[in-house]
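User: Please display the predicted model together with its sequence. I should then like to discuss it through a series of questions.

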Amino acid sequence: MDTNNISSRNLTSLLVVVILCGSLVNGAFTIAQDTWIAVLLMGILFLPEILIYSRICALFPGKNLYDIIYSIFGRTSRFILTLLMTLYVTVVTGLQLRNFVEFTAVISLQDTPRVVLMVLLLLPVLYLAKEGIQVMARWSFIVCAIIVLNIALTILLSLNIIEVSHILPVMDHSFLDIASNSFTVGTITLGELVMMMAVMGHLNKGESPYKVYLWGVLVGICLFALIILRNILILGPDMEEAAKFSTYMAVRVIDIGKFFERIESSISFIYVLLGITKMSLFMLASATGLSKIFKDMDYRKLLLPISVIVVGIGTVVFKNVFEMFELAWVYRYYALPFQLLIPIIIWIKAEIKKSYSMKNN
Amino acid sequence: MRRMISFISMILCCIFLSGCWNYKGLDDIDIVTGLAIDKDQGSDIYQITIEIVDTQTSGREGEISAKYIDAEGRTIFDAIRNSKKKLINKLYGGNMQTLIISKEIAEAEGISIIIEELLRDGEPRETMSIVISEEETAKEILLTDGIDSNIISYEIHEMIIEDNKVTASTVDMPLYQTYNSIKGNGKALVLPVVRRINNINKNVAEGNGIALFKDDYLHGFLSPRDTMYYLFIVDKVRGGVISFPIGDLDESISMEIKDSKTDTKISSNQNKIYVDINVKVKLNIMEVKSQLNISNVDERDKLETQTEEYIEKHITELFEKAQSEYEIDIFGLGNLLYKKDPDLWRKIETHWDELFQSAVIKVKVEADIISSGVLKNY
């Protein structure tokens, strides 16, 4: 775990993957043709939050979230904070897992038991988490490349069926509506970047966390907006809003001649890649948090028990698919303390501690 | 030793862990290609006819053939499932190409429930065609013989998607666009119409204009001839033939549309809607039954003017027919207004049809005769 040599490029791509993974729940959007504006607005809404995360990481280079908590808080509060963050990330992993299983079940494997899918999805996740952040970061760079290629290809192939007038009228929904949508999906895509702090300590010495966070958010948001725009222009606003997984449906419509039919399997493939990467990051974050609580126990030993808990959470987190999208709208309040409140507390405390030690020196 | 064990376990994994829980082999499924939906008058039982690929006889003589299944049910999904009672295999809808709906159903209960049922199912592709049967039942269309293919659903589907490039006599409206047309603000749904016709002692299916809808209820039909001018207004003409008499009684000319672009603008002023249609069309001269000398610039110019007047006249006539006869906005002009000014649209949405009936239309056609094919002039 003391590898401090991950390039900012690889960490940035891990960040992009976490953001794009959230595009699975784009069914939670309710604003039809203005969705892409909501995605761009997301970047602005969550910018302060992202800056706080970067600032915390920049204050303590070479340290991850839990190290920072342990170095600035007292005995009880550091225990509570670490426990809270660990619990949060474990629950989110379970949620994430269930989302992917529902996606698979809705689009193709209706009869396969959910638990089997969950366990099968978790196997590569466990492997990736066990191998550690270095492998994960390099792997996410490959995933990123595949995604960019896929987006470019699907956009090129759909050029003959897109209708640009589908995005009109622009800003038909009130600003409040759009912002509310941004907030909801933003907590899933950008807010969860709080967990990137758990691995930011492995960044190459001398490279700035600001660079990683800001570039990652910029690229991720742009790709997300492109995906949404592609879906709207292919399907039209009403169909796009009605579809649970509009990305999948949009790509189903593409067929060029007889050869380029059925490229939608590439979408499920990519979502699985995205999901695996994001979940392994979260598993790692969860395990390192727990290992901190258990007095620096080897985090690899904790992965298996956590994955059992994750499957358990994934099974009970919602009853049916309706709740999956309803939950997205509740999740924003649930996530607020972990994504905003706790980071702010850590940040303020860190600033005080830092300036205090500067004075002493 | 370690290597050996890991190698063997890898092989075992490949054998036992690969494959799919939901695996369905080709021999376990019946591939559905088309579906016709009818309803008995007075009863609430749906009657469906399903066309499936005959996998038993297909392939032997290099020819694919089709089989048909009849089924009944209180809902469409019920009927589809009831058909399983007669079959060994489960129906697979992923290759479904055409859905034929009888005009009674479209008129009496609307098609939006059927469309949503198909979209929810997830198996049928969003690009499948939906057509309205002009005959008594939808089944009759599905039971006609194909000319190019034994599977009539493929034939109808291919015919419809190619149509606007060749004849411009019907419209291509895939499933997902149908949904958009029903739900979209101010949009108007039109669907292709198919009829049964005799062709050398065989009953075949033929595209025959379009069906007009008010929301999702069938409202009327448009002839293939009118359909071309409809397609001009909504900018969907990519080919087709324009032929009209010139000069003396039995003199006429026939031209092929090579390309067409329509720019429709809508504006409102003091409770009156103004529609401005600009068509730019490029034509090839194909058949000249006249003394016309097309190598002469003046005569060509004259012909262009005549073509422009002809198309303008017919577009205007169709528009006025829609205003006075159908009394609804069949062109989806409301959607143009909504895209331009959503606030205004929400204000006038409820009485849009009345506004449409009093709309003022201005048509401007720019015809461009670009070639006379392989021949230099006549």
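User: Which elements are included in what covers the buried residues of α7(A)?
Analyst: This is a predicted model, in which local features need pLDDT of at least 70 and side-chain atom pairs count only at pLDDT 80 or more, while totals for chains, interfaces and linings use all residues. Residues are numbered from 1 along each chain as its sequence is written, and chains are lettered from A and ligands numbered from 1 in the order in which they are written. Helices (H or I, at least four residues) and strands (E, at least two) are DSSP runs numbered from the N terminus. The cover over the buried residues of α7(A) includes, from chain A, α1 (8-21), α6 (114-131), α9 (209-235), α11 (246-253) and α12.

User: Which residues of α7(A) are buried?
Analyst: A residue is buried if 20 or more other C-beta atoms lie within 10 Å of its own, exposed if 12 or fewer, and partly exposed in between, with C-beta atoms placed from the backbone. By this criterion, the buried residues of α7(A) are A:I133, A:M136, A:A137, A:W139, A:S140, A:V143, A:C144, A:I147 and A:T154.

User: How far apart are the end C-alpha atoms of α7(A)?
Analyst: The expected span of a helix is 1.5 Å times one less than its number of residues. With 25 residues, α7(A) should therefore span 36 Å.

User: Which helix gives the most to the side of chain B that touches chain A?
Analyst: Two residues are in contact if their C-beta atoms, placed from the backbone, lie within 7 Å. On that basis 15 residues of chain B are in contact with 19 residues of chain A. In chain B, α7 (175-183) and α10 (333-340) each supply at least two residues of the side that touches chain A. The greatest contribution, five residues, comes from α7(B).

User: How do the residues on the side of chain B that touches chain A divide into nonpolar, polar and charged?
Analyst: Ala, Val, Leu, Ile, Met, Phe, Trp, Tyr, Cys and Pro count as nonpolar, Asp, Glu, Lys and Arg as charged, and the others, Gly among them, as polar. The side of chain B that touches chain A accordingly holds five nonpolar, six polar and four charged.

User: Which strand gives the largest share of the side of domain 1 of chain B that touches domain 2 of chain B?
Analyst: Chain B is divided into domain 1 (23-222) and domain 2 (224-378), with bounds that come from an automatic or database domain assignment. The centres of these domains, taken over C-alpha atoms, are separated by 31 Å, and 22 residues of domain 1 of chain B are in contact with 23 residues of domain 2 of chain B. On the domain 1 side, α6 (152-166), β8 and β9 of chain B give two or more residues. The largest share, five residues, comes from β8(B).

User: Is B:L336 buried or exposed?
Analyst: B:L336 is found in helix α10 of chain B. Not counting residues up to four places away in sequence, B:L336 touches B:T264 and B:I266; B:I266 is 70 residues away in sequence and 6.9 Å away, C-alpha to C-alpha. Because B:L336 has 21 C-beta neighbours inside 10 Å, this leucine counts as buried.

User: B:N271 has a positive phi; is this residue buried or exposed?
Analyst: Phi of B:N271 is near 60 degrees, a positive value in a residue other than glycine. B:N271 lies in the loop between β11 (252-269) and β12 (272-289) of chain B. Since 10 other C-beta atoms lie within 10 Å, B:N271 is exposed.

User: What is the phi of B:D215 near?
Analyst: B:D215 lies in the chain B loop between β8 (202-214) and β9 (217-222). B:D215 is partly exposed, because 15 other C-beta atoms lie within 10 Å. Its phi is positive, in a residue other than glycine, and is near 55 degrees.
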